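Thanks for coming. I will walk through one structure, a few residues at a time, so please keep it open while I talk.

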Amino acid sequence: MDGEAFDGLRVVELAQWVFVPVAGALLADWGADVIRVERPDGDPYRALATQGIGTDSSGVNLSVAMANRGKRSVAIDLGTERGRGLLEELLRTADVFLTNFRPGALRRLGLDADELTRRFPALIYARGHGYGVRGPDADSPGYDSSAFFARGGVAHVLTPPERDYPIAQRGAMGDRNGAMALAFGIAAALLRRERTGVGGVVDVSLLAGAMWMLTSDVLAALAGGTPRAASGRGGAVNPLVGAYRTKDGRHIQLVFLQPDRYWSPFCRLLGREDLLANPRFADMAARRENLSACVAELEKEFAGRTFEEWKALLSHLDAPWAPVQAVEELLDDPQVLANDYIGAVGSEGGASYSLPTGPVQLDERPPTLRRAPEHGEHTEDVLLQLGYSWDEIADLKDSGVVP
């Protein structure tokens with residue numbers, strides 16, 4: 001198919017860190033012209049050292065590259081009247097305004113939702129925040145570790161009761177899930193605008209994202225339960241659901257949610273027809289009544305073969321199971337490679353690098369990844385497109401409005 005889904009769409013992004021910038025990157029992946037407005041000293045995320053993929057990396061800052069791929073960057077001092085005037089000119093050309101600035105800051109800049117949707121009725125005003133736009137904490141700062149992982153209940157349900165402290169969150173889990181939801185909301189608002197001619201406001205919070213991800217636990221709480229972390233060990237409820245340890249200390253995850261369907265072929269694959277003949281394991285009800293005995297038999301079986309041997313054996317069983325893989329093993333996973341879930345980014349005159357392409361594909365292909373911009377890299381280009389002359393650009397530089 002010719003063209004990308006968002007070709008011709010302009011997004012003005014006034015955002016920092018990960019959550020909302022990743023939403024902008026997803027739109028850029030599919031063709032949007034995303035103009036990232038940074039302050040003169042840049043997004044603080046550019047200075048973060050994390051997991052050897054930020055400023056502590058020996059090469060490309062992959063954290064910044066992942067959150068800002070495919071965009072253009074302009075640097076503007078919005079603390080000046082002329083800087084705010086430049087942003088106003090950009091907004092006149094925009095289809096979407098994307099921000100994670102807090103409500104108080106946006107009001108001070110004259111960029112609150114009521115003001116911008118009044119001035120630009122067709123504009124999609126999209127904002128990501130920690131806790132929602134109403135309530136006592138609407139103006140409180142929130143990162144994914146606080147609003148999503150801690151307050152949203154994720155740390156609580158994932159932490160085993162015997163631990164003294166919550167487990168640590170993996171990097172930007174809530175941010176990237178929230179970004180996908182925000183990009184979906186923007187796409188929905190654009191479709192509505194196509195039909196009605198009217199823009200609108202899109203909201204996604206990290207707190208709501210956590211509740212959505214934990215929907216099963218929230219439903220249990222609504223029904224009067226108290227959701228907590230459960231052991232991943234095989235046989236917590238059903239012997240054919242859970243992880244089993246192999247001879248070499250790895251694990252295989254079984255997810256036989258229809259155990260009576262899979263019990264017979266599974267036992268025959270193992271050469272354990274005796275388990276089929278045992279009345280204690282005859283059906284799901286019997287296996288549940290004799291849960292410990294059934295689990296003990298399966299644990300003994302799994303302990304007799306290595307991880308690779310189990311993968312080879314279970315490949316002959318048409319049932320839902322999977323090896324419990326380390327993240328680094330994903331890089332060579334044949335399904336990851338066959339479906340282009342990791343893509344290469346070329347950099348003019350610099351090193352190429354790889355990034356996850358994202359879970360969405362159109363026409364059976366991932367988006368074409370483009371590099372992230374340097375801080376303020378496109379300031380002059382964008383000003384020229386707005387009609388500024390080189391003399392006017394030099395004056396803006398001399399005045400400190402742009403670096």
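I start with a term: a polar contact is a pair of N or O atoms within 3.5 Å; within protein, one must be able to donate a hydrogen and the other to accept it, and residues adjacent in sequence count only if both atoms are side-chain atoms. The side chain of histidine 129 makes such a polar contact with the side chain of aspartate 203, at 3.0 Å. The histidine 129 side chain also reaches the backbone nitrogen of glycine 132, at 3.2 Å.

Some housekeeping. This is a predicted model, where local features need pLDDT of at least 70 and side-chain atom pairs count only at pLDDT 80 or more, while totals for chains, interfaces and linings use all residues. Residues are numbered from 1 along each chain as its sequence is written, and side-chain values use heavy atoms, with hydrogens and water left out.

Back to histidine 129. It sits in strand E5, residues 124–129; helices (H or I, at least four residues) and strands (E, at least two) are DSSP runs, numbered from the N terminus. Is histidine 129 buried or exposed? Buried means under 20% relative accessible area, exposed over 50%, and partly exposed in between, with a 1.4 Å probe and protein chains only. Histidine 129 has 16%, so it is buried. Contact means heavy atoms within 4.5 Å, and beyond four places in sequence histidine 129 is in contact with Phe19, Asp203, Val204, Ser205 and Leu206.

Next is tyrosine 131, in the loop between E5 and helix H6 (144–150). Tyrosine 131 counts as buried because its relative accessibility is 16%. Its contacts beyond four places in sequence include Asp137, Pro141, Arg151 and Ser205. Tyrosine 131 and proline 141 are ten residues apart in sequence, and 8.6 Å separates their C-alpha atoms.

Phe19 belongs to helix H1, so let us go there. Why is H1, residues 19–29, described as largely enclosed by the rest of the structure? Because eleven of its eleven residues are buried. After H1 comes glycine 31, with a positive phi near 105°.

Now the cores. A nonpolar core is a set of buried Ala, Val, Leu, Ile, Met, Phe, Trp, Tyr and Cys residues joined through side-chain atoms within 4.5 Å. The largest has 41 residues, of which Val11, Leu27, Leu98, Leu182 and Ile186 touch the most other members. H1 gives the most to this core, seven residues. Leucine 27 is in contact with residues including Phe6, Val11, Ala183 and Ile186, leaving aside neighbours within four places in sequence. Apart from that core lies another, of 27 residues, among them Leu106, Val382, Leu383 and Val401.

Valine 74 is in strand E3 (residues 72–75) and is buried, at 2% relative accessible area. By contrast, 72 Å separates the C-alpha atoms of valine 74 and alanine 277, which are 203 residues apart along the chain.

What lines the largest cavity? Val74, Ile76, Leu86, Leu90, Thr379, Val382, Leu383 and Leu386. A cavity is a set of points on a 1 Å grid over the protein atoms alone, where a 1.4 Å probe fits but cannot get out; lining residues have an atom within 4 Å of a point. The largest share of that lining, three residues, comes from H18. That is the tour; questions, please.

Methods:
On a 1 Å grid over the protein atoms alone, a cavity is a set of points where a 1.4 Å probe fits but cannot get out, and a pocket is an open set with protein on both sides within 12 Å along at least five of seven lines; lining residues have an atom within 4 Å of a point.
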